[in-house]
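Here's a quick briefing to read alongside the structure. Keep the 3D view open and look up the residues as they come along.

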Amino acid sequence: MGKYALIIVGALIFSVLTYSYALKNALFHSNVRSVQSYSQNQAHNISQSAAMVAINDIRNDSNSNFHPSAGQTYVFPGADQFSPWGDMHGEYHLEVMNQADTLLNLQSTGKFKDTIYRINIGLSKGTTSWNPIIDQAIHAENSVSLGGNDFVKGDVTINSIQSSAVNLGSQPKVKIDGSLMVGPGGDPESVVAGNLTNVGGNTGAMLDLLKYTMPLFPDYPAVSSTGSSVYSSTSLSTSDYNGKYIPEIVLSGNSTLNIDTGEEGDEVVMHVGKFDVQSSSVNLAGSGKLTMYVDTHIDLKGKGTVNEGGDVNQLMVYYKGNQEVELYEETLDFGGNTYFNGSLFADKANIKLYGTAGIQGNVITGGDHVDLKGNAEAISRSIFAPNATVESNGTVYVRGSIISYQFVGSGTTTVEYDPDLDTEWPDLEQIGEDFVVLYWN
Amino acid sequence: MATGQTLLALASIVLLSIITMSIRSMYVQSVNTTVESQEMADALNYGRDIAEELQSFAFGFENIGVIENQMNSMPGQYQSSSTVLNEKTSSANNLWIVERQEETQIGRQYYASVELPTSMQPLTSHNQQGVIAIIRIFEEKEENEFEKIAEYSTAVLPL
């Protein structure tokens with residue numbers, strides 16, 4: 001009897017121990033699942049956040065690494081590597097593949113502890129012609145400040161609706177003879193610091209934000225051969241330079257360079273490493289259009305002139321900038337008594353126009369500063385610098401429009417909108433507005 | 001019945017009692033674990049819901065004021081606050097209490113807060129402007145006594 005009782009109790013103890021073990025196991029797995037669930041949620045947050053960073057980088061930076069060439073893949077920070085993100089308490093990894101230049105496939109991976117969460121996003125990729133509509137004298141994204149003797153002949157627009165984003169000073173006189181329009185939903189009385197009587201025309205809020213997008217900086221065309229550098233007065237026929245790489249054009253001491261651009265309808269191309277004109281003249285002979293691609297150096301000083309007296313639409317200069325000085329700002333100086341008659345597109349360099357320098361033609365820059373000083377004069381359909389602070393100080397005269405992130409005027413600046421300027425926009429493209437999310441999963 | 005057998009029978013009864021108590025204890029523990037596990041899952045899902053809602057603010061997001069306007073335009077959803085329940089945090093930041101308390105199937109109440117910076121900041125080495133939102137999930141253990149269960153962070157950038 002006792003023996004049976006012991007066997008039964010022993011069996012019960014065994015059962016209870018088994019049950020207890022199973023229960024503890026279940027408890028452990030339950031806790032593990034909670035931790036996994038938390039980790040997965042945070043990894044999900046990191047992957048979503050990193051994807052938003054990459055999309056913004058693609059949209060905001062025309063040279064974004066997340067926008068590789070067709071058929072190429074960009075991986076950040078490297079294959080099978082993760083970049084730490086302290087604020088998110090985790091790490092992230094991004095891969096973007098450009099499929100046939102029509103689709104960007106973005107894969108964003110978030111990592112929290114040992115848990116990984118991956119999402120895939122498709123972005124339609126397309127380009128459209130760059131043809132900004134500009135019908136105001138000044139546009140700023142963020143702020144406009146006009147000093148005591150500044151005068152704007154034309155309209156002013158600003159996307160900001162922040163209080164005091166427009167500063168017109170305290171002088172009781174008209175400084176903007178056209179209208180002043182602030183961002184949608186903004187109240188001009190709040191946005192303008194000072195007196196609205198400084199505005200001769202209407203004040204109000206726009207129905208939509210004005211978007212001014214930087215055009216894509218063009219890829220330089222391949223060169224067929226290397227031509228001779230130019231260091232003194234000479235003439236170049238189209239066969240001397242068209243499609244060739246000219247290492248240097250460096251002129252000084254009243255030298256003259258005549259460049260034959262061919263007949264009307266011809267479009268010739270010159271690829272130059274360094275373009276330096278000091279107290280010398282570069283003239284365009286012929287009726288064709290010259291497109292000049294400059295690599296790492298443009299300098300125009302003394303009494304240097306380029307295409308003086310010629311047709312502004314005959315010359316287009318692209319300046320890539322020195323890729324080795326990525327970490328600090330590069331500025332193109334046009335000083336002294338110089339004159340540049342043509343359009344200029346600087347990929348990322350700042351631009352400084354001072355002394356009695358004059359420029360006629362479009363000025364387009366992705367840099368963050370444009371300085372107009374002294375007695376500088378710009379007759380330009382547009383100084384197009386939507387990422388830049390455009391600062392004007394002195395007896396500066398601008399005929400055309402200024403597109404800026406912020407505009408700061410002081411001294412005696414006059415900006416006069418002229419709808420009749422016949423300067424043509426260069427034939428450029430921009431990332432299309434249809435750069436939208438096709439899928440997100 | 002011999003004394004030995006009596007003692008064995010008594011020992012069996014004692015053991016049986018202990019086993020019965022253990023089984024009961026384990027059962028209670030099992031139920032408790034299941035409930036706690038469900039609570040934790042509910043709290044984590046609640047946090048994820050709020051994180052996804054904040055991520056949806058990325059569309060049309062231009063500055064921190066736009067997110068605040070979206071929060072204000074959802075009556076009964078968010079309320080600006082100077083304290084995050086009883087959790088101490090940076091006073092420089094922009095604090096919101098999520099007014100939608102999550103009530104679980106077992107009647108527990110969860111509360112959440114969202115902490116935002118006062119302005120957009122450059123995020124990651126790519127320097128894209130956005131905000132990092134910190135989401136905290138609390139359970140009210142006693143009246144006005146909150147216990148933090150989980151904390152998430154998510155970035156929101158303009159899309």
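The largest nonpolar core holds 76 residues, and Ile138(A), Val294(A), Tyr319(A) and Ile383(A) are the ones that touch the most other members. Keep in mind that you're looking at a predicted model. In general, nonpolar side chains in soluble globular proteins tend to be buried together.

**The nonpolar cores**

- Let's zoom in on Tyr319(A): setting aside its neighbours within four places in sequence, Tyr319(A) is in contact with Val294(A), Ile298(A), Leu332(A), Leu344(A), Ala346(A), Asp347(A) and Ala349(A).
- Another core lies apart from that one, with 54 residues, including Ala43(A), Tyr92(A), Phe112(A) and Val131(B).

**Strands side by side in chain A**

- Leu332(A), one of the contacts of Tyr319(A), stands opposite Ile351(A) in S25(A).
- The strands behind that pairing are S22 (residues 331-334) and S25 (residues 350-353) of chain A, which run parallel and are joined by 4 bridges.
- Now follow S25(A) to its pairing with strand S28 (residues 369-374) of chain A, which is also in the parallel sense and has 3 bridges.
- Which residue in S28(A) is the bridge partner of Ile351(A)? That's Val370(A).

**Chain A as a whole**

- Chain A contains 3 helices and 33 strands.
- Its 441 residues include 40% that are buried.
- Take the contacts in chain A between residues at least 6 apart in sequence: 51% of them join residues at least 24 apart.

**Chain B as a whole**

- Chain B has 2 helices and 6 strands, and starting at the N terminus its elements go α-α-β-β-β-β-β-β.
- Buried residues account for 28% of the 159 residues of chain B.
- Of the contacts in chain B with a separation of 6 or more, 52% come from residues 24 or more positions apart.
- Helix H1 (residues 3-56) of chain B is 54 residues long and reaches 78 Å from its first C-alpha to its last, which is close to the 80 Å expected at 1.5 Å a residue.
- Buried residues in H1(B) are Met40(B), Asp42(B), Ala43(B), Leu44(B), Tyr46(B), Gly47(B), Arg48(B), Ile50(B), Ala51(B), Leu54(B) and Gln55(B).
- Here's some background for reading a list like that: an α-helix has 3.6 residues a turn, so residues three or four places apart point the same way.

**Where the chains touch**

- The contact between the chains takes 31 residues from chain A and 37 residues from chain B.
- On the side of chain A that touches chain B, helix H1 (residues 2-60) of chain A gives the most, with 26 residues.
- That side of chain A divides into 16 nonpolar, 13 polar and 2 charged residues.
- Leu23(A) sits in helix H1 of chain A and, leaving out residues up to four places away in sequence, touches Met26(B), Gln29(B) and Ser30(B).

- Phe76(A) and Pro77(A) are joined by a cis peptide bond, with omega about -5°, and Pro77(A) lies in the loop between strands S1 (73-76) and S2 (83-85) of chain A.
- Ser164(A) isn't a glycine, yet its phi is positive, at about 60°.
- You'll find Ser164(A) in the loop between strands S9 (156-158) and S10 (166-167) of chain A, and it counts as partly exposed because it has 13 C-beta neighbours inside 10 Å.
- Thr124(B), also a residue other than glycine, has a positive phi near 60°.
- Thr124(B) is in the loop between strands S4 (121-123) and S5 (128-142) of chain B, and it counts as buried because it has 23 C-beta neighbours inside 10 Å.

**A loop glycine in chain A**

- Gly262(A) belongs to the loop between strands S16 (256-260) and S17 (267-278) of chain A.
- With 17 other C-beta atoms within 10 Å, Gly262(A) is partly exposed.
- Not counting residues up to four places away in sequence, Gly262(A) touches Thr238(A), Val268(A), Gly286(A) and Gly288(A).
- Gly262(A) and Leu290(A) are 28 residues apart in sequence, with 9.1 Å between their C-alpha atoms.

Definitions and conventions
Residues are numbered from 1 along each chain as its sequence is written. Chains are lettered from A and ligands numbered from 1 in the order in which they are written. This is a predicted model: local features need pLDDT of at least 70, side-chain atom pairs count only at pLDDT 80 or more; totals for chains, interfaces and linings use all residues. Two residues are in contact if their C-beta atoms, placed from the backbone, lie within 7 Å. Ala, Val, Leu, Ile, Met, Phe, Trp, Tyr, Cys and Pro count as nonpolar, Asp, Glu, Lys and Arg as charged, and the others, Gly among them, as polar. A residue is buried if 20 or more other C-beta atoms lie within 10 Å of its own, exposed if 12 or fewer, and partly exposed in between; C-beta atoms are placed from the backbone. Two strands pair if DSSP finds at least two bridges between them. A nonpolar core is a set of buried Ala, Val, Leu, Ile, Met, Phe, Trp, Tyr and Cys residues joined through C-beta atoms within 7 Å. The expected span of a helix is 1.5 Å times one less than its number of residues.
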